[in-house]
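Let's take a walk through a protein model together. Have the sequence and the 3D view open as you read.

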Amino acid sequence: MKTSPPSRPANWFVAFIILLTLGGLLRLIDLTDPPLDFQPSRQLRNSLVARDIYYSLLPTANTEQKELASSFARSVGQYEPPVIESIVAVTFLATGGENFIAARIWESLFWLAAGVALFDLMRRAVSPWAAVVAIAFYFVLPFSVQASRSFQPDPLMTAAFVAGIYFLYRWSEEQTWKWAILAGVFFGFATFVKIVIAFFVGAAAIAMVLFTLKKDFWKSKQVWAMAAIMVVPAFLFYILLNQGRSTEYFFAWTVTLIKLITSADFYSKWLAFVGSIFGLTMIFLSLAGALIATPRLRWLLISLWVGYVLYGLTLPFQMYTHSYYHIQLIPIIALGLASALNPLIESVAGQSSVGRVGFIALVIAVIGYQSWVARSVLIAEDFRHEPAFWKQVGDAIPANTDVIALTQDYGYRLMLFGWRKVSLWPLSTGLSEARGGEQDAAGDFADLTEGKEYFLVTASGQLEKQPDLKKILAQYPIAAEGDGYVLFDLRK
């Protein structure tokens, strides 16, 4: 009996696997560098929380280590549940200790898995080759490579959100309980990991439900089940269990800074900032793709952009200062690009072989260039000297003394690498200006340093921005000094 030979995988599938592999390999570059390459304060914060969980699980840890690690974790605040930190801490336990690799590996795996779901969603709405070209944006955009492997909740949140979009789209196609439950679970998990994704989740869910069921949506048990699964986990943590922190965050970042949205300058800064991350051409092309997409995809994409605008108006300062607050746009822009590129890809398919080869060469050149830029960004700076430096600073501070410091990243570097915690002297930053308060060193020095024995300066640039503080510190003797730090003795 003759058997037919196994069919070869389609060329577009091979191309997707190559892009998936390329995306994975790019994220493996410079794995062992300390987490200071991207949004260091946020990555350091998560590292401190993971350390606390790790030492609480480590049987051989002594009481002093556990208490110190716990005090560090408490000092950074808990605004989200420690989901990714717990995963990393357990990995530390399984692999024999703390390292900088575990978080990057896990975050990258989550991102790549979400990319598979995103690609299949694209393939359901556009041609496979349009999906291949668009998914390259998701995998190799330099910002995507750097942000998606960073140790913070946002990559995991976005990956779960992408999976939720995929299952929501499948539910809209078939309206089965399987897709409804999966959409609810992944959307609920994404919102639980970090509540800010709720703007996107809510907008997408409402749009897809209305598109699919119209005015009869309220009769569907699946809709109410999805809504409950999406809402309950985040409600329990952010509203019931962590209400104080949630309220603090809301007043600090929304109520205090909402005045920014009344200025035209805010919108120009916002647009310029996202343009510097993604390229304005890509953004507007993606928006155009949303407008010409098939009806189901059009409703989804427009709702996601509406969610993004509401999100930006709620957290205005971050919109032009914090790049990682835009990580959710990566899959949204990629999905819009798939729609925008679809007519072009279909047109290319009808060209002569020379035209098709030329187009393919151009696409490969663009992907290659973006990959090279992503690789160059990752290796541009080497931070391997940082742990030794901060250990030296920590060793220079006398034991059991109260210290106030003008230092980087809220003192997290000193806590993570030097195992010392200090009180913080306020920095002169754009945030302090936005909130309407600059530090008056001459007026507040006595109050802020009351009970403190030493004043540590590691942020020399900040000291130059506060000349009054520099004059005051010049009156005190130097207790210790090294390349990059000065410790003033306030007792004399």
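What follows covers the cores, some strands and a few salt bridges.

First, some ground rules. This is a predicted model, where local features need pLDDT of at least 70, side-chain atom pairs count only at pLDDT 80 or more, and totals for chains, interfaces and linings use all residues. Residues are numbered from 1 along each chain as its sequence is written, and side-chain values use heavy atoms, with hydrogens and water left out.

Let's start inside. A nonpolar core here is a set of buried Ala, Val, Leu, Ile, Met, Phe, Trp, Tyr and Cys residues joined through side-chain atoms within 4.5 Å. Buried means under 20% relative accessible area, exposed means over 50%, and partly exposed is in between (1.4 Å probe, protein chains only). The largest nonpolar core has 142 residues, and Met122 and Phe278 have the most contacts inside it. Helix 8 (residues 153-174) gives this core its largest share, 13 residues. Helices (H or I, at least four residues) and strands (E, at least two) are DSSP runs, numbered from the N terminus. A second, separate core has 13 residues, including Leu406 and Phe445.

Leu406 also belongs to strand 1 (residues 403-406), where Ile404 and Leu406 point one way, Val403 and Ala405 point the other way, and all are buried. Strands pair if DSSP finds at least two bridges between them. Strand 1 runs parallel to strand 3 (residues 454-457), with four bridges joining them, and Ala405 sits opposite Leu456 there. Strand 1 also runs parallel to strand 2 (residues 423-424), through two bridges. In strand 2, the residue opposite Ala405 is Leu424.

Now for the charged side chains. A salt bridge is a side-chain nitrogen of Lys or Arg within 4 Å of a carboxyl oxygen of Asp or Glu. The whole structure has 22 of them, and here are some:

| Pair | N to O distance |
|---|---|
| Glu80 and Arg42 | 2.7 Å |
| Glu85 and Arg45 | 3.6 Å |
| Arg245 and Glu248 | 3.3 Å |

Glu80 lies in the loop between helix 3 (63-76) and helix 4 (83-95), and Arg42 in helix 2 (residues 40-57), so this pair ties together parts that are 38 residues apart in sequence. Are Glu80 and Arg42 buried or exposed? Both are buried. Glu85 and Arg45 are buried as well. Arg245, though, is partly exposed at 27% relative accessible area, and Glu248 is partly exposed at 38%.
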